[in-house]
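Please read them with the structure open.

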Amino acid sequence: MMRNWYDVAIIGGGITGASIARELSRYRLKIVLLEKEVELAFGVSKSNSGIIHPGTQNPPDSLKGKLCVRGNLLTRKIAGELGVDFKEVGELIVIFNEDERPRLLQIKNEAETLGVPGLKIVDRKWLDEHEPNLSREVIAALYAPTAGIISPYRMVYDLAENAVKNGVQIFLGHKVIGITKEAGNLRLNVAVSSGEEPRGRACRQAGSLAGSECTFRSRFVVNAAGLFADEVSALAGVNDFKIRPRKGEEFLLDKKKEHLTNHIIFPLPTKTSKGILVIKTSDGNPMIGPTAQEIDDKNDLSTSDDGLSKVIEGARKMIPTIDGNDIIAYFAGLRPVAGDDFIIRREEKVPGFINVAGIQSPGLTAAPAVALMAVELLKKSGLRLAKKWLFKKHRHPSVHLFADLFSKTRELIKKNPSYGEIVCRCEMVSAKEVRDAIRRGARTLDGIKFRTRAQAGRCHGGFCTIRIIKIMHEELGIPYTEITKRGNGSEVVRGVRE
Amino acid sequence: MENRNNVKERELVVVGGGPAGMAAALSAYENGVRDILLIERDQYLGGILNQCIHPGFGLRYFRENLTGPEYADRFIKKISAVPSIEISLKSYAVNLTAGRYLAYIKPGKMEEVKAKAIIMATGCRERTREMVHIAGTRPAGIYPAGLAQKMINLEGWLPGREVVIVGSGDIGLIMARRFTLEGAKVKAVIEIQKTSRGLIRNVVQCLEDFGIPLYFSHKISRIHGRDRVEKVEVVEVDDSFNEKPQTRFEITCDTVLMSVGLIPENELIELAGVAIDKKTNTPVSAEVNKTSVPGIFVCGNSFKIYDLVDGVTYDSAKAGKMAAEYLKGLK
Ligand SMILES: Cc1cc2nc3c(=O)[nH]c(=O)nc-3n(C[C@H](O)[C@H](O)[C@H](O)COP(=O)(O)OP(=O)(O)OC[C@H]3O[C@@H](n4cnc5c(N)ncnc54)[C@H](O)[C@@H]3O)c2cc1C
Ligand SMILES: Cc1cc2nc3c(=O)[nH]c(=O)nc-3n(C[C@H](O)[C@H](O)[C@H](O)COP(=O)(O)OP(=O)(O)OC[C@H]3O[C@@H](n4cnc5c(N)ncnc54)[C@H](O)[C@@H]3O)c2cc1C
């Protein structure tokens, strides 16, 4: 077979691209995924609320609503197969006065039309029993039991790892800069920004050197480029939509507050967002946010004093005991918004080109359903789908000491002594886990943080950063001065004494 | 849960092998305790002193001007000579119960002991940029000052070339001098209060002698830079810490060092049900080294933040004595 020739090329290694890659890897196809960053999930998929929404708060006729309900079901199955921790915690949409009740009932009706199961209105008595820290001002709530939480980046990494196991090739540091029609296929021009040698199981580099360009040819191209999907689409000559980032600032609280709430708590939604929430996360830390602010700069991930005070105010309205002093981390994410709904379609103008764009919230939840829809569109466009004899749907799960009981920890350490070498004291992460993360594809300090939680606790890497840098140096064989937080330009050590 | 088989019982367990833990263990021995286990998560004793290669330690206790490692070394020699004190390095305490069952992890093993008395000397951690809520981006180049100190002094790595330091506590001041001596440019120290929290000798020797500007009543209001720090916005504040917007100016730099205070490390005793003051993260206590749970003592920087190590040594010796008396009382 020709080198760099594929049946399907996927542009973008976020939750959308990774889900499509894994779904396609069931079939006898040659598939490539191209990602411009040094690691997967460094786009929108790393900074969101991590909620697997039940499907509430969506217009009943919207595509995103339908895909969300379906995605909620599918996510459970996939998480189970891949060994990703999914917790069904349920959500409450709360109201503070009778004037708000009609809107709450409307949300319930709309969600029921979409097929969201198990919804019920709960009263003050129920709330006292099930959500004791809730503000006394709340009079009732809509309870949606199927809301869940998941680690969004771990989901991406594990989907990708499983896709690779089933034959998908992934190239990191590969930015698509040109798309041209050729007879029978599309040609992708790619700028290579990372010259790392092929290494590790999960992801490979094309072997091309940093700063160079290379070409990929594919019969079909799926654009899952998140915030940049409009620009990628324009490369192919389709420029009838624009992506406007909508920023959301989020603030994480100390793990000591893990049991602040039993559910995810929402106010009534506004026109552009679901409002400021009190969120549970799969790592245990509660989170408050996000804000919703239209901005112009797709690279602006800054947080603001204003965002902080808005979020604290909004969260305290529902859970009054929240204290700004419990904040241990914060970040901002940008929702890739193109109008009110997802844009998932074949482009007649460019045969073989599929857009999966405008994947705003609930894009994390919808991802597996989005993937099925993308595959369906590929089929309609003429892609022949023949199932493989062997699709390896399971994945050997990663070990996380912090998630296990002491009895299990004891066994692990006995089996492999380096589980007993604690690197990160706040989150209890061992040297073995850091090494495993690198072997599974981590290349940066952030990549290690997302996979293991080392550096993500209350001391923010004050204790473990040096140790992690040394392990990276050993495992990857790169000098200290080339170790980065999240890719080129984010080096952490600027000089080494001879 | 509290009555487990096969768990070894020890008279006294000391957690943390910094100056506090060593002084406490030695004094417990001197006061008659003959079965002491000292556990330390690092591969060597000495705690934070190992990275403090500057002089200024022991002026009171030894009447000499020692460096941190020299000060630590005197205790390491002494403690290593006492056979009744078992030292377990690379041992990380992970759980403590009110019944004084202590679990710790070391390479290849997870151990559990039941201590008749326990002294926690786990030191402190640094407050972070997140705890003081500085707005802006989150690029590489923002370090707690103690981490930068460890990088330079113990690893020989230079974390940055153009530095702005937030906070004028002693660690920040000492790091200003350290970076300058390593050839980096320290552009400013920004202090939100009207005076320095550090020792006067450090303000003089670490800033004034090198001509490093110190801005009182100023704060960093925003950090800029996508991948690595590019600049910071600085603004003057009034007496109630409100920003005076017209005074805003920028400093270009590639590094921001945070020296905004230390927090006692007391998460383990919190698990054991010891009452903790939420504001200071220290044990609620009427008397030095005591906690709300009998038989659990806390000393050194985990009891309260000390400016000088000499005070740590004096007070921690009292903790050793208290534990010895407590054990005598049990008999
Ligand atoms: C604050 C916030 C909270 C949210 N909360 C939730 C939630 O709780 N639940 C939920 O379901 N959804 C939530 N969302 C939405 C969800 O995060 C997104 O819908 C989802 O992550 C989008 O994934 P994606 O793969 O489409 O985009 P991305 O993750 O951005 O992936 C696109 C990838 O394409 C790459 N790329 C771009 N251009 C190129 C190119 N030219 N060449 C190669 N690669 C390229 C990018 O680097 C990126 O990695 C939230 C979003 C935000 C911002
Ligand atoms: C930068 C800096 C400059 C200083 N300059 C001076 C000076 O000039 N003069 C002066 O007199 N003093 C100075 N000090 C203060 C002095 O160093 C401290 O007061 C003293 O070291 C505190 O001792 P400690 O034993 O309480 O804590 P530490 O020295 O921090 O020791 C705590 C020990 O506990 C261990 N530990 C923690 N948790 C666990 C666990 N779960 N399991 C096992 N082990 C654990 C740690 O690894 C550590 O070894 C300075 C401090 C700093 C940080």
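1. Start with a strand pair in chain B. Strand S17 (residues 231-236) of chain B runs antiparallel to S18(B), and 4 bridges join the two. Within this pair, B:Val232 stands opposite B:Ile251 in S18(B). Keep in mind throughout that this is a predicted model.

2. Next, look at S8 of chain B, which pairs with several strands. Strand S1 (residues 8-15) of chain B and strand S8 (residues 109-120) of chain B are parallel, with 7 bridges between them. Here B:Arg10 has B:Ala115 in S8(B) as its bridge partner. S8(B) also pairs with strand S23 (residues 296-298) of chain B. That pairing is parallel too and has 3 bridges. In S23(B), B:Val298 is the bridge partner of B:Met120.

3. S8(B) has an antiparallel partner as well. Strand S7 (residues 101-106) of chain B pairs with S8(B) in that sense over 6 bridges. B:Leu102 stands opposite B:Val113 in S8(B). S7(B) and S8(B) form a hairpin with 2 residues between the strands.

4. Now the domains of chain B. The assignment divides chain B into domain 1 (8-125 + 262-330) and domain 2 (128-258). The C-alpha centres of the two domains of chain B lie 31 Å apart. Their contact takes 11 residues from domain 1 of chain B and 12 residues from domain 2 of chain B.

5. Where does ligand 2 lie relative to these domains? Domain 1 (8-125 + 262-330) and domain 2 (128-258) of chain B both give residues to the shell around ligand 2, so the ligand lies between them. The shell holds 34 residues, and B:Ala20, B:Glu40, B:Ala93, B:Asn301 and B:Val309 come nearest. By class, 17 are nonpolar, 12 polar and 5 charged.

6. The polar contacts of ligand 2 include several to the backbone. A polar backbone atom of B:Pro19 is 3.3 Å from an oxygen atom of ligand 2. Two further contacts involve nitrogen. A polar backbone atom of B:Gly56 is 3.0 Å from a nitrogen atom of ligand 2, and one of B:Asp307 is 3.4 Å from a nitrogen atom of ligand 2. Ligand 2 exposes 1000 Å² when taken alone, and the protein buries 94% of that.

7. Which elements supply the shell around ligand 2? Helix H1 (19-30), strand S3 (55-57), strand S6 (92-96) and helix H7 (309-330) of chain B each give at least two residues. H7(B) provides the largest share, 3 residues.

8. Turn to chain A. Its domain assignment gives domain 1 (2-45 + 153-242 + 340-380), domain 2 (91-145 + 244-337) and domain 3 (401-482). The C-alpha centres of domain 2 of chain A and domain 3 of chain A are 32 Å apart. Their contact takes 7 residues from domain 2 of chain A and 7 residues from domain 3 of chain A.

9. Ligand 1 has 40 residues around it. A:Thr16, A:Glu35, A:Ser45, A:Ile359 and A:Thr365 come nearest. The shell divides into 15 nonpolar, 19 polar and 6 charged residues. Domain 1 (2-45 + 153-242 + 340-380) and domain 2 (91-145 + 244-337) of chain A each give at least three residues to this shell.

10. Finally, check the contacts of ligand 1. An N or O atom in the side chain of A:Thr16 is 2.7 Å from an oxygen atom of ligand 1. Backbone atoms take part too. A backbone N or O atom of A:Gly363 lies 3.4 Å from an oxygen atom of ligand 1, and a polar backbone atom of A:Leu364 is 3.1 Å from an oxygen atom of ligand 1. The protein covers 98% of the 1000 Å² of accessible area that ligand 1 has on its own. Helix H1 (15-24), strand S10 (174-182), strand S13 (244-253), strand S18 (327-337) and helix H8 (363-380) of chain A are the elements that give two or more residues to the shell.

Notes:
Residues are numbered from 1 along each chain as its sequence is written. Chains are lettered from A and ligands numbered from 1 in the order in which they are written. This is a predicted model: local features need pLDDT of at least 70, side-chain atom pairs count only at pLDDT 80 or more; totals for chains, interfaces and linings use all residues. Side-chain values use heavy atoms; hydrogens and water are left out. A residue is near a molecule or strand if one of its heavy atoms lies within 4 Å of it. A polar contact is a pair of N or O atoms within 3.5 Å; within protein, one must be able to donate a hydrogen and the other to accept it, and residues adjacent in sequence count only if both atoms are side-chain atoms. Accessible areas come from the Shrake-Rupley method with a 1.4 Å probe; for residues, only the protein chains shown count as cover. Ala, Val, Leu, Ile, Met, Phe, Trp, Tyr, Cys and Pro count as nonpolar, Asp, Glu, Lys and Arg as charged, and the others, Gly among them, as polar. Domain bounds come from an automatic or database domain assignment. Two strands pair if DSSP finds at least two bridges between them. Contact means heavy atoms within 4.5 Å.
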